Structure formats: C-alpha cells, structure tokens
Amino acid sequence: MVEYKYFDLFQHSRGSVDKEWKIEYDGGVITNGELFDQSIELTESLCSEQELRFGCCEASTLKFKVGNVVKPLMDQWISVSVTVDHHQDEPLMIGRYRVVSDKPTADRRHREIEAYDAMYDILNADVAAWYNAVLPKKESVLTLKQFRESFIGHFGLEETLPQIGEDSSGQPIYGLVNDDMIVERTIEPEQISGRDVIAAICEINGCFGHIGRDGKFHYIYLSQDIQGLWPAKDLYPAENLFPVEPGTTRVGAGTYISCKYEELLTGEINKLQIRQEENDIGLIYGEGDNCYIIEDNFLVYGKSSEQLRG
C-alpha cells in the first residue's frame with residue numbers, strides 16, 4: 001500500500017480528479033502539456049517469476065510518450081512526481097529513473113521513453129573489482145552487514161532497513177536477520193554480476209530487494225498474515241475475534257481498466273534446506289513437508305553444518 005496523504009484521491013478514475021505530472025531532468029521539466037494523452041505506465045514487482053524465489057530483485061520500469069519538442073533524454077536521470085487535485089503542498093513521488101530508450105514513433109510526432117530505476121544498474125554491473133577489493137585475501141572476513149553496506153555504497157545509494165526486533169529497553173532494532181553472519185572469500189571471480197551479489201544477500205536473509213520511491217534501497221520482508229477464520233462464508237465470528245479481510249487492500253471499480261484473480265492458498269514454509277548444488281544434502285532444518293531450498297549461494301560456500309544451522 002502506498003503511504004500518501006491524498007492516495008484516495010489519486011485512485012479516482014481518470015478525468016474525475018486533476019493530476020498534474022512533473023518529470024524533471026537536467027535542464028528542463030516535462031508537464032501534462034508535453035505528455036501524450038497524459039499517460040504514464042509504471043511496472044513494479046518484487047518477484048514476477050512463476051514460483052516465489054526469495055532474494056529476487058527486479059528493476060521498476062517507467063514508460064511514457066512525449067512530443068518532439070522535448071530534447072532527447074537518453075541516459076538522463078529523471079525524477080517523476082504527480083500533484084493530485086491541486087495539492088501542491090504534497091506531491092506524490094513516483095520515483096527516480098534512468099532513461100534507457102528514447103525512440104520516435106512511426107509518425108515522428110512523439111517519442112516513446114522507457115526508463116528504469118537504480119536497480120537496473122545494480123543488476124547489470126560487473127562487480128568483480130569491488131568483490132576483490134572488499135575481500136582481497138583468502139583469510140579476509142566481513143560481517144554480512146559490512147558486506148551489504150559496502151555493496152550498496154558502491155552504487156552511491158542509501159539503505160532503508162526493516163525493523164527486526166527490539167532491544168532490552170524496547171527500542172527498535174533495524175537490520176537484516178543474518179547481519180552477523182561471517183562472509184569469507186569463497187569465490188575467485190574474474191567477472192560477477194551485481195545481480196548475483198544482491199540476490200545472494202537478500203536470499204540468505206529471506207527478503208527481497210527493491211528501490212523505493214525515495215530512491216533508496218529497501219529490503220522487503222513478506223508480512224506473516226493469517227487467513228480470516230470463520231465457519232462459513234455467510235457466518236462471520238464476533239467483531240475483532242478474527243480478521244475478516246486480513247492484509248488486504250480494497251480495489252474499487254474506478255481504479256483499474258481490467259482485473260483478474262485466482263484463488264490460491266500458499267502453504268507455510270516449515271522446512272529449510274541449504275545446499276551448494278542439486279545433489280548435495282547440505283543442511284536440512286525443520287521437520288515439515290513444505291521445504292524451501294537455498295542452492296548455490298556463494299555466501300555460504302564451505303560453511304560447516306553448525307554455521308549453516310545458525
């Protein structure tokens with residue numbers, strides 16, 4: 001759910017509430033007058049693969065058309081926001097993106113722009129030189145916290161960390177669940193992608209990586225929601241006894257062009273296996289029947305069963 005003061009207004013169907021777009025770039029601003037049909041397409045996902053995979057990191061995509069009066073934007077960073085119903089005091093931030101495609105349409109009257117957030121550069125970067133610098137020797141060690149901070153800092157980004165607990169005085173603790181894990185030099189890379197590194201970091205922590213609308217790197221944990229419990233669809237329990245609509249957001253008819261859904265129950269993960277390759281046993285934790293497998297994660301190469309259990 002987007003945390004925005006006027007988000008209810010933003011969700012109104014097109015035309016019923018005024019929306020003023022603002023796309024800022026080095027040397028200029030694009031507003032509604034330059035946007036074709038005032039239409040912008042934003043695609044975001046934590047994991048768009050067929051099966052859920054922890055550690056997945058995907059770049060968000062922004063697409064729009066502008067008139068040819070706008071100068072070419074290829075490789076430029078753009079900041080996008082929208083003012084809803086003339087509330088200039090608090091525009092809705094859409095995000096910061098780098099233009100990777102700027103092509104004219106067939107009639108040459110408009111240009112089609114495609115841009116990605118900072119995750120795109122992380123996923124496609126060769127970070128072998130960085131890895132060899134932070135872990136230069138076989139005996140080099142870092143905590144996972146130091147390792148991830150160095151990696152995100154390598155791209156000039158800030159991190160926003162989730163709360164993972166409280167200290168003895170009740171103060172919140174922010175970080176990742178395995179920040180204290182020791183990271184050693186387990187590979188000798190001549191080339192390694194940023195995708196492999198950030199996926200390994202997030203996977204071993206059971207989370208996803210995402211660039212927020214503030215331009216910072218966020219680590220996203222899935223909420224542990226439970227289903228609403230009642231004896232039948234027309235027999236709800238007493239108010240506040242169980243959630244009737246747990247972890248849901250109501251989508252009204254005016255907020256989408258088309259919509260489809262599937263009824264799917266996902267079983268609780270109650271068993272974990274960490275192994276180096278498919279034929280390894282590695283370490284198995286838990287006695288359940290729904291096992292999640294972490295495989296070929298270079299951060300845990302060579303670790304003993306005791307270390308993996310931790």
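Predicted model: local features only at pLDDT ≥ 70, side-chain atom pairs only at ≥ 80, totals over all residues.
Colleague: Why is Glu49 called partly exposed?
Modeller: Glu49 has a relative accessible area of 37%, and the scale calls a residue buried under 20%, exposed over 50% and partly exposed in between (1.4 Å probe, protein chains only). Residues are numbered from 1 along each chain as its sequence is written, and side-chain values use heavy atoms, with hydrogens and water left out.

Colleague: What makes Glu49 and Arg53 a salt bridge?
Modeller: The closest N and O atoms of Glu49 and Arg53 are 2.7 Å apart, and a salt bridge needs a side-chain nitrogen of Lys or Arg within 4 Å of a carboxyl oxygen of Asp or Glu. The value of 2.7 Å is within that limit, and therefore the pair counts. A search of the whole structure finds 12 salt bridges.

Colleague: How do you know that Lys216 and Glu158 form a salt bridge?
Modeller: Their closest N and O atoms lie 3.9 Å apart, which is still within 4 Å, so this pair is counted too. The pair links distant parts of the chain, with Lys216 in the loop between S13 and S14 and Glu158 in the loop between H4 and strand S9 (159–160), 58 residues apart. Here helices (H or I, at least four residues) and strands (E, at least two) are DSSP runs, numbered from the N terminus. Lys216, at 29%, counts as partly exposed, whereas Glu158, with 52%, is exposed.

Colleague: How many disulfides does the count give, and how do you know?
Modeller: The count comes to 0 disulfides, the rule being a pair of cysteine sulfur atoms within 2.5 Å. For Cys56, the nearest cysteine sulfur, that of Cys47, is 3.9 Å away, and Cys56 is in no disulfide. For Cys57, the closest cysteine sulfur is in Cys202, at 4.0 Å, which is too far for a bond. Cys56, at 2%, counts as buried, and Cys57 is buried with 7%.

Colleague: What makes the pair of Tyr131 and Phe298 edge-to-face?
Modeller: Rings of Phe, Tyr and Trp (its six-membered ring) pair if their centres lie within 6.5 Å, and planes under 30 degrees apart count as stacked, over 60 as edge-to-face and the rest as tilted. A search of the whole structure finds 9 aromatic pairs. In the pair of Tyr131 and Phe298, the centres are 6.1 Å apart and the planes stand at 80 degrees, so the name edge-to-face applies. This pair links distant parts of the chain, because Tyr131 is in helix H3 (residues 128–134) and Phe298 in the loop between strand S17 (291–295) and helix H6 (305–309), 167 residues apart. Tyr131 is buried at 0%, and Phe298 is buried at 8%.

Colleague: Why is the pair of Phe151 and Phe155 called edge-to-face?
Modeller: Their ring centres are 5.2 Å apart and their planes are at 70 degrees, so this pair is edge-to-face. Phe151 is buried, with 0%, while Phe155, at 23%, counts as partly exposed. Ring pairs link Trp130, Tyr131, Phe147, Phe151, Phe155 and Phe298 into a cluster.

Colleague: What makes helix H5 mostly covered?
Modeller: In H5 (residues 194–204), 9 of the 11 residues are buried, among them Val197, Ile198 and Cys202. What covers these buried residues includes helix H2 (119–124), H3, helix H4 (144–154), strand S13 (208–211), strand S14 (217–220) and S17.

Key: Contact = heavy atoms within 4.5 Å.
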